[in-house]
Amino acid sequence: MKDKITALYCRLSQDDMLQGESNSITNQKAILKKYADDNSFGNTVYYVDDGVSGTTFEREGFKAMMADVEAGKVGTVITKDLSRLGRDYLKTGEYIEIIFPDYDVRYIAINDGVDTFKSENELMAFKNIFNDWYARDTSKKIRAVFKVKGQSGKHLSNPIYGYKHSETDKNLWVIDDEPAEVVRKIFRLCIDGYGPSQIARILTQEGIPTPTAYALSQGRDNGHKNAKLHRWGSETIAHILEKAEYCGHTVNFRTHVKSYKNKKRVDNPKEDWLIFENTHEAIITQQEFDLVQELRRHKHRPTKIEEVNPFSGVCFCADCGRKMYLCRAKSLTADQEHLKCGTYANDKDECTAHFIRTIVLKEIVLGELNKMISFVKENEDEFVRSAMDNSVQKQSSELAKSKKKLKEVEKRIAELDRLFTRLYEDNVSGKISDARFAVMSAGYEDEQKTLRATVAELTAYIDTAEQKSADVTAFIRAVQKYEHITELTPEVMHELIEKIVIRAPDKSSGHRTQQIEIHYRFDVAITTAVADSMKYDKKRKAA
């Protein structure tokens, strides 16, 4: 065996580093080299894994050693102790008792007195179990610290693309200007109607570095070793569009690992996430983020024609409620492009086509939008009154009184809790009889039950008024961005309009007309218009 390799295997994990120099790679090398020289083991080769847990055997140094073992190049494997080989007692035992002997490899753990050439090593199995328990206990402690940190609102991960660590506080994320501008571009493109695949293609064509390429250019490693450096992927875009962190929020506990041995990450249900709002500077607004999430929920496949139609995913059939299906092709002119009911497209017996040309719809919607913009700017107070229904309007005017009453009711409930306690003590001590206790407690319980119902009503009352008021304010803010809209873009549509409902055509008057309902965002208003194809055709011919 003298011509074979004596493998000197060293491993150091993050936890081992905390124990000082005794487990350092330098110290392990020195111990292994001295043992090899003292016991006449020649042809020594070091195999090293620095900063890798012993609970996994997916280690580069270990895999390189095993490749040489399987190739028949290794005669002896030496480690400082059993835990250096691994802390998974099942896998460690398998390597020592099955795999190494199968390749005629001698294994030595110096500090644990294990030498498979000399003895049966009866205590080895127990030592491996103790090493496994140590890993399990360490994992528990780390998870507990991790949980406390996450519940306190601190970030549990490194800054995502678009952010970096603050130079003064490593727990604080600050905006990284160059990638932050790319993030804003991604959200703008999504609002304009582009899907992840289309956005990825645009960024690749423009030569914008991918997140991994940018991290490497800054001397950082983001952990994505197999990522393509020169081509954006649709999954990368989709992940960016889903990150609430870009609104300035901290989101913890999105995922968890299966166990301390299986490091595969598993998604947690959203109700288990912890979200802390406004913990760092936002790259995009909450309104933009919410709009993108809504668009993503109603995402549609990209068409072969690169131009995004503003009505995609916005129009619905009034009778069956299905989305209107956009019919467009390179062979169709702009006048021929149209929408028809999705149900009708699949089964002509289930609904009618509700056919409407996009050019007709575009002219109507553009006109109604400009009317709305003018009305809001010239009559803001009147719009607020009309946008908020009477009951909510009344609630809004009495909001302060409602909040005051809510505090009074909550105070009385707390007072009743104290009275219950005192009443119970008086009954136990004999100050009041059981009969008297029953009458008084029943009265208190009835009052408290009534008060709790009042709290629920007042809370709903206040929340509704505040939310409606906030919605109207948000819509007015969005409208104020525009002076006069000349082109109907996906961005304009999705920012101002919730949906468009298309009714079936009416031919009773002798020519074809259709009623169109435009539902503005936040349910602030609904506009009804009539599409008259004959009037449009006359106007077009006159022009």
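This is a predicted model: local features need pLDDT of at least 70, side-chain atom pairs count only at pLDDT 80 or more; totals for chains, interfaces and linings use all residues.
Contact here means heavy atoms within 4.5 Å. The buried residues of helix 11 pack against helix 7 (177–191), helix 8 (196–205), helix 10 (234–242), helix 18 (490–496) and strand 16 (497–502). These buried positions are Phe289, Leu291, Val292, Gln293, Glu294, Leu295 and Arg296. Helix 11 itself covers residues 286–297, and its 12 residues should span 16 Å at 1.5 Å a residue; the C-alpha atoms at its ends lie 17 Å apart, which agrees.

The loop between strand 11 (274–276) and helix 11 contains Ala282.

For the protein as a whole, the secondary structure comprises 19 helices and 18 strands. Of its 543 residues, 42% are buried. Among contacts with a separation of 6 or more, 63% are between residues 24 or more positions apart.

The largest nonpolar core has 42 residues, of which Leu361, Val365, Phe383, Leu496, Ile497 and Ile500 touch the most other members. Helix 13 (residues 358–378) supplies the largest share of this core, with nine residues. Another core, apart from this one, holds 33 residues, including Trp173, Leu203, Ile208 and Tyr214. When neighbours within four places in sequence are set aside, the contacts of Leu496 are Leu369, Phe475, Ala478, Val479, Tyr482, Ile485, Tyr520 and Arg521.

Helix 13 has 21 residues, which at 1.5 Å a residue should span 30 Å; its end C-alpha atoms are 30 Å apart, in agreement. Its buried residues are Thr358, Val360, Leu361, Ile364, Val365, Leu366, Glu368, Leu369, Asn370, Met372, Ile373 and Val376. An α-helix has 3.6 residues a turn, so residues three or four places apart point the same way. Helix 13 lies across strand 12, strand 16, strand 17 (513–520) and strand 18, and runs at about 145° to strand 18.

Four strands form an open sheet with mixed pairing, in the order 12-16-17-18. Strand 12 (315–317) and strand 18 (526–532) are at the edges; each has a single partner strand, so one side of each has no neighbour in the sheet. On average, neighbouring strands of the sheet are turned by 25° against each other, direction ignored. Strand 12 and strand 16 run parallel and are joined by three bridges. Opposite Phe316 stands Val501 of strand 16.

The mean pLDDT of the protein is 81, with 83% of residues at 70 or more. Over residues 390–396 the pLDDT stays under 50, and the model has 11 contacts beyond four places in sequence for this stretch. Residues 538–543 also have pLDDT below 50, and three contacts beyond near neighbours in sequence are present there in the model.

How values were computed. Residues are numbered from 1 along each chain as its sequence is written. Side-chain values use heavy atoms; hydrogens and water are left out. A nonpolar core is a set of buried Ala, Val, Leu, Ile, Met, Phe, Trp, Tyr and Cys residues joined through side-chain atoms within 4.5 Å. Buried means under 20% relative accessible area, exposed over 50%, partly exposed in between (1.4 Å probe, protein chains only). Helices (H or I, at least four residues) and strands (E, at least two) are DSSP runs, numbered from the N terminus. The expected span of a helix is 1.5 Å times one less than its number of residues. Two strands pair if DSSP finds at least two bridges between them. Axes are lines fitted to C-alpha atoms, for helices over the stretch in contact, and angles run from 0 to 180 degrees between N-to-C directions. pLDDT is the predictor's confidence in each residue, from 0 to 100.
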